[in-house]
Amino acid sequence: MVSSATGLLASGNTETPLRALIYLACSQQPDGGFHQNFWIDGQPYWRGIQLDEVAFPILLAGKLREAAALRDFDPYPMVLRAAGYLIRQGPATRQERWEENAGYSPSTLASNIAALTCAASFARERGDEATAAFLQQHADFLEEHVEGWTVTTEGTLLPGISRHFIRIRPVDPDDPQPDEDPNRGMVTIRNRPPGERAEFRAKEIVDAGFLELVRYGIRRAGDPLIEDSLRVIDAILKVETPFGPCWRRYNHDGYGQRDDGGPYQGWGTGRAWPLLTGERGHYELAAGRDVGPYLRAMERFATAAGLLPEQIWDAPDRPEARMHLGRPTGSPMPLMWAHAEYIKLLRSARDGQVFDRIPAVAERYQGRRLQRPIEVWTFNRHVRSVRPGTTLRVQAAAPFRLRWTADEWSVVEDTASTPTALGIEFVDVPIARRQAAPIRFTFFWPEAARWEGRDFVITVEKGPA
């Protein structure tokens, strides 16, 4: 819905995108989240949690503000609630943008970093510098970990390129101490044919979701890691058709028309998505290259009625099944996400810059930041180690007093938590550059007049930050 509304905004329509934002604000849950999908009256259909879907309404509010099209609607309460939800529930998402897997997703992280930066801008406009700083620092924390969570250094898909983005580093969001190493872990791929392998090494499954980092301005087009990752994507997922290039979602995908041309019936083979041609076109534009081939390809993938399918046939023709290379399969059509991407690509080509790019995000992350890095500890993510010279931020959903020590309890510190406008309390613990002993801490909960009853420990890595 946000993609469609943003596509309309790119075409010059401000009325419908504003109405869409108001509708989303009315449909927001009390905790700040949004149902995965829901009926017109707001009743949920599926109940999955996708953090990018919580970020998107913030981004839509930001684009409408940028276009001076908010009129007399104030999205700030919705923005704050959604931002608080992202911070409380993240950084791992229960579902990424393909609605299938939990973990650390480059595309989800990109949307969250961009949304929190937008939310900080809203807070700054209100003169609330404390809230703006808190939001931006959390975005910085996520940005600092993007490569550490989602880039393998042991890639084997393309000879000569061992370091590239992966589709997702799977973790259980209910595990407070997940293994965050992107070189480890197995990912389960849905919709695989009966009897075929469904578990794969996460470091060997790729998609192009990392391009969202460039779309919003978090990473530069032309970044060597991005370009190397694209080389892997092109070797593994790219399909050449008579109408132009297209890409599959990820390798070993089982969601799509079967190899014999028969329909997807809970399993099949993932086919190429015209949407992804549009996403690649946006990247090529950002990199200063010709966007024309991608626009023309999307136009040729459409039907005579101008409808873009979710997927096109990406194998030799099967006339008996009415499947022809580069033409629509039996997938949903029209896919409004693809139509919105095409409209935005047209607008981007005309403007000479990516329509979804957020200037505040690019300014923040494409320049040199001098702020002290922050590592975040929450009850749903017990960070195991911290670098010297950083700040350890301990967060909770209620007021607390942190009792902590940096020298094995020889000296004990008691620090009261600082409240925020997001319903999140925090204490910052500075980690000295020469710190060697672990940081130990526990909680006292004043509202309940009780101690947590257990200690937590974080080791300090060797060497300066």
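Is asparagine 191 buried or exposed at 19% relative accessibility? In this predicted model, asparagine 191 counts as buried, because buried means under 20% relative accessible area. Asparagine 191 sits in the loop between strand S3 (186-188) and strand S4 (199-201). Its phi is positive, at about 65°, although asparagine 191 is not a glycine.

Histidine 252 also has a positive phi, near 70°, and is likewise a residue other than glycine. Its place is the loop between strand S6 (244-248) and strand S7 (272-273). At 36% relative accessibility, histidine 252 counts as partly exposed.

Most residues other than glycine have a negative phi, and most peptide bonds are trans. Two cis bonds were found in loops. The bond from glycine 90 to proline 91 is cis, with omega near 5°. Proline 91 lies between helix H4 (76-89) and helix H5 (106-125). The bond from methionine 333 to proline 334 is cis too, with omega near 0°. Proline 334 lies between helix H10 (292-301) and helix H11 (336-351).

Helix H6 covers residues 129-150. At 1.5 Å a residue, its 22 residues should span 32 Å. The end C-alpha atoms are 31 Å apart, which agrees. Histidine 145 belongs to helix H6. Histidine 145 is buried, with a relative accessible area of 16%. Beyond its neighbours within four places in sequence, histidine 145 is in contact with Glu375 and Arg381.

At the surface, Trp39, Tyr45 and Trp46 form a nonpolar patch. Together they have about 400 Å² of accessible area. Tyrosine 45 is found in the loop between helix H2 (15-27) and helix H3 (51-66).

Notes. Residues numbered from 1 in each chain as written. Predicted model: local features only at pLDDT ≥ 70, side-chain atom pairs only at ≥ 80, totals over all residues. Heavy atoms only, no water. Helix = DSSP H or I, 4+ residues; strand = E, 2+ residues; numbered from the N terminus. Expected span 1.5 Å × (residues − 1). Buried < 20%, exposed > 50% of the residue type's maximum accessible area, 1.4 Å probe, protein only. Contact = heavy atoms within 4.5 Å. Patch = residues over 30% accessible without salt bridge, like charges linked within 9 Å, V, L, I, M, F, W, Y side chains within 5 Å. Areas by Shrake-Rupley, 256 points an atom, 1.4 Å probe, with all protein chains shown as cover. Salt bridge = Lys/Arg side-chain N within 4 Å of Asp/Glu carboxyl O.
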